[in-house]
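Reader: I am meeting this structure for the first time and would like to go through it step by step. Could we begin with its enclosed spaces and then turn to its strands and helices?

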Amino acid sequence: MRSRIVCAVLAALLASCGRASHREPPPASPPLVISLAHLRHLGLDAVVNRRPVRIVSLYAEAPDYRPTPSPERDGSEGIASVDDVARAVVAYLRAFEFTGDSSARTEALGLLSFVVAMEQADGEFINFIDARGRPNLTAPSSRKSMSYWGARSVWALGEAVRVLGDGGLAAVSGARPALDRAVARIAREVDARRLIGGSATATSEALLGILALHGAEPSPRLARLAGAMADLLVPLSRGGATAPPWGARTDGANAAWHAWGSRSTVALARASVALDRPDLLAAARAEADVLWSRFLLAGRVPWEIAPNGSATWFPQIAYGIGPIVEGYLALADATGERRYGVLAGLVAGWFVGANPAGVAMYDAATGRTFDGIDGPSPDEVNRNSGAESTIEALLALQQVAANGDATEYLRYRPVGAPATSLASVPDRRDFAGPAGARLTVERGASGLEIVEPRASAPITLTYWPAANPPETRLAMRLAAAWNAEHPDVQVRVQPLPAGRSSEEVLLAAIVAEATPDISSNVSTALLARLVRAGSVVRLDDRTATSARLRERTNAAMLAPLRMPNGGIYAFPWKTNPEMLMYNVDRLAAAGVDPPRTHSELLAAFRRLAQDTDGDGRIDRWALWANLKTTWYERFYDFYPLYLASSGGRMLIADGKVVFDNPAGVAAMEVLRRGFAEGGLPRSNFSMGRDPFMDGTVAMKIIGPWFIREMDELKVPGLRYDVVPVPAADGVHPNERYAFADLRSIAIFSTTKHPDAAARFVAYLTSPAADQLLIEEASQLPYRRALATDARFTAALARWPTLATFATYVDRARDLDIDPDVVEIFDLLSEAYEAAAVYGTRPVREALTSAATEAQKILDAR
């Protein structure tokens, strides 16, 4: 019935498309483009210790940018270094993580082979090779040691485990033993309370590697090591709020602070989250809120600061700017404070022209970053583009591209003459942005504060969340916080009317031209219809939402959500990856382990079906599968069983219906046997009654939203747990997928303020908002690596079993984005009723018939 209502409204919608659809307003500014082209250009093949590897050439001189070795002035160190290659690995891994570009993964693995080839079987590394692949054993900057190049090797290898997994790292022969030896070598230095290589920079970069490894493979040993490394960094802060060098973290009391490699702030901020150490966050803030504030008030970043506070302003290089940008962004992640993202964008403006020479140092078209600025004139720009400049720019800008606030303020420039001394900077400085926009930073009690001019009349956005109480309360709370922080953009919350489906309400609103600016309960079943009607705004080309997609997801998570033109038209907000929930005591009493395969599930059906009152009829069953043929009821029986065995394949592929495959047959057959053998009840039960809660059935397929209901009802004596939905026998665990039950946020094309709406959507999907979604609604944000992200550990622990559900966020599939998906599920429901529930038609015949009819629907378009 519901699908017929939706279809009727859809027919009216499509009939009125000519008058009801709206042309999508263009983005105010495009997202930041990250190009790896020049880094790839610098890549070369080499053979080191009889091992084929990839390397990155040290230099590339203008105008032809041919890769070249280091010049004689640098001691002719070689053609490539572990220092650069290890950082390039991190850049390539980040690119692969978001874009899914397999060539980036291939490059990372080839470069890792070089890193491993330079490890000396004891956790120490040599740095340089010459053009013939021979290691440089004599140069001080190359000697066998655990120094900068060893620290960066650990950073690269740790990131590889985080992004690729230990199995992915195994593609590089000897990589894991090399990493383990290097970690042990670092531990010896730390146990002796020595900085790695005597350097805060090297220690910080090694710490980033240890934290990445700990994130992928949590262990008390790694946590202790990371904590001890952070503890070495904390006391290196010198001076104070009014005393030079103003919180600068230096290698020693009499050492100068240098911009290059100043990564202690990013390392401490990330360690504070991973280790749940607020003291480390306070230490991370210390340098950023005092010293770096002076840089922004001065209007430029110095090259070096002496212990007495005197500054050397030139040269300026990417390696000096990038770590500050990354530090601010790490603080934004750790604190949720918007100002750090804005400040990161202002500093990162150096790359796109907000620098003393007024020259864009990074070129998105070629991927080149110039090597430096030697003075305040365009003529003093070093237009060569070597490895370090290219890599450091990419590392910083990749992070900027994942933060909407940083991206928004990237093209702002300081107004007025720069300060000549850090000791006498103004208390405020203006920045000018595109189209006459202005921003002021001013000194505050806890660092810089952001002051933005207020619009004469605020924009008002209308936001429709779902009508259920937890989501309505969450929407009200988030909107109130937004309104307090954004007086120029006010959000009015109006929950979707209760008693009607979201699809009906939204489709009717489109026909009546009465859509909100934003709605957060858009199902995938509805999305293709909205796009076909021109009713929603594309989001992956808006600055704020593009950045949030990069921060929150990866290519694999976005691939099933892209329309044929490659666009993302609704922001994937929350997911309810379905699992098999079971009654712990009933399974234990029957001697049944939680089933993982179809064979185990069928065995459980037989042992859990019981006649408890002796009347000869079964009155306790194994699993609940609904008898109703409403299309969405298949979300709780056939479809999750199908996805568990299909390797993530959905119902349609390349315009062809594919569900009449072995996974479909296996899913329908296990349900048929369950009904036929009495393991599943042929009953719909009374309205409002849940047979799992009252013990009538021992198992059900359900999502994490159900946990809150369980908590509110507090059924006495009911103990439950969850396992992945059983798959067909022989399916590898890594090939099993859950049904996502995804809900997305859409911006409707009737909005007059698409970019303001995009900023609000990015706010609704921020880490802080995601934490509230977990805590208040027991629902999971569609966020990569959620289960291992330390920022959400406490929130996930708030609800029983929620952390287990979270493990499948990355490996969940939703519905096909197809305008006729509801009708296709109707056909599946008819096949389910005939083949599984009542056995009036063979499984394969029923599926083949349903697939044939579904294909006719697709072909008729």
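**Cavities, helices and strands**

Reader: Which residues line the second largest cavity?

Author: This is a predicted model, in which local features need pLDDT of at least 70 and side-chain atom pairs count only at pLDDT 80 or more, while totals for chains, interfaces and linings use all residues. Residues are numbered from 1 along each chain as its sequence is written, and side-chain values use heavy atoms, with hydrogens and water left out. A cavity is a set of points on a 1 Å grid over the protein atoms alone where a 1.4 Å probe fits but cannot get out, and its lining residues have an atom within 4 Å of a point. By that test, the second largest cavity is lined by Tyr-463, Pro-465, Glu-471, Leu-474, Ala-475, Leu-478, Ser-520, Trp-573, Ile-745, Leu-764, Ala-769 and Leu-773.

Reader: Which element gives the largest share of the lining of the second largest cavity?

Author: Helices (H or I, at least four residues) and strands (E, at least two) are DSSP runs numbered from the N terminus. Two helices, H16 (469-485) and H27 (767-777), each supply at least two residues of this lining. The largest share amounts to four residues, and these come from H16.

Reader: What is the volume of the second largest cavity?

Author: A volume here is the space filled by probe spheres set on the grid points, which are joined across faces, edges and corners. For the second largest cavity, this comes to about 70 Å³.

Reader: How much space lies in the largest cavity?

Author: The search of the whole structure finds seven cavities of 30 Å³ or more. The largest cavity is lined by 13 residues, and those nearest its centre are Ala-200, Thr-201, Arg-249, His-258 and Ser-262. The space in the largest cavity is about 100 Å³.

Reader: Which residue in E16 stands opposite Arg-429?

Author: Strand E15 (residues 428-432) runs antiparallel to strand E16 (residues 438-444), and five bridges join the two. Opposite Arg-429, the residue in E16 is Val-441.

Reader: Which residue in E27 is the bridge partner of Leu-580?

Author: Strand E22 (residues 579-583) has five of its five residues buried, so it is largely enclosed by the rest of the structure. Four bridges join E22 to the antiparallel strand E26 (residues 697-702), where Met-581 has Lys-700 as its bridge partner. Four bridges also join E22 to strand E27 (residues 720-723), again antiparallel. In E27, the bridge partner of Leu-580 is Val-723.

Reader: Which residue in E29 is the bridge partner of Ser-523?

Author: Strand E20 (residues 518-523) is mostly covered, since six of its six residues are buried. With strand E18 (residues 459-464), E20 pairs in the parallel sense over two bridges, and there Trp-464 stands opposite Ser-519. With strand E29 (residues 743-747), E20 is joined by four bridges and runs antiparallel. The bridge partner of Ser-523 in E29 is Arg-743.

Reader: Which residues of H26 are buried?

Author: Helix H26 (residues 754-764) has ten of its eleven residues buried, so it is largely enclosed by the rest of the structure. The buried residues of H26 are Pro-754, Asp-755, Ala-756, Ala-757, Ala-758, Phe-760, Val-761, Ala-762, Tyr-763 and Leu-764.

Reader: What is the relative accessible area of Glu-124?

Author: Glu-124 sits in the loop between helix H5 (102-117) and strand E6 (128-129). Although it lies in a loop, Glu-124 is buried, and its relative accessible area is 11%.

Technical notes
1 Å grid on protein atoms, 1.4 Å probe; cavity = no way out; pocket = protein on both sides within 12 Å on 5 of 7 lines; lining within 4 Å. Pairing = 2+ DSSP bridges. Buried < 20%, exposed > 50% of the residue type's maximum accessible area, 1.4 Å probe, protein only.
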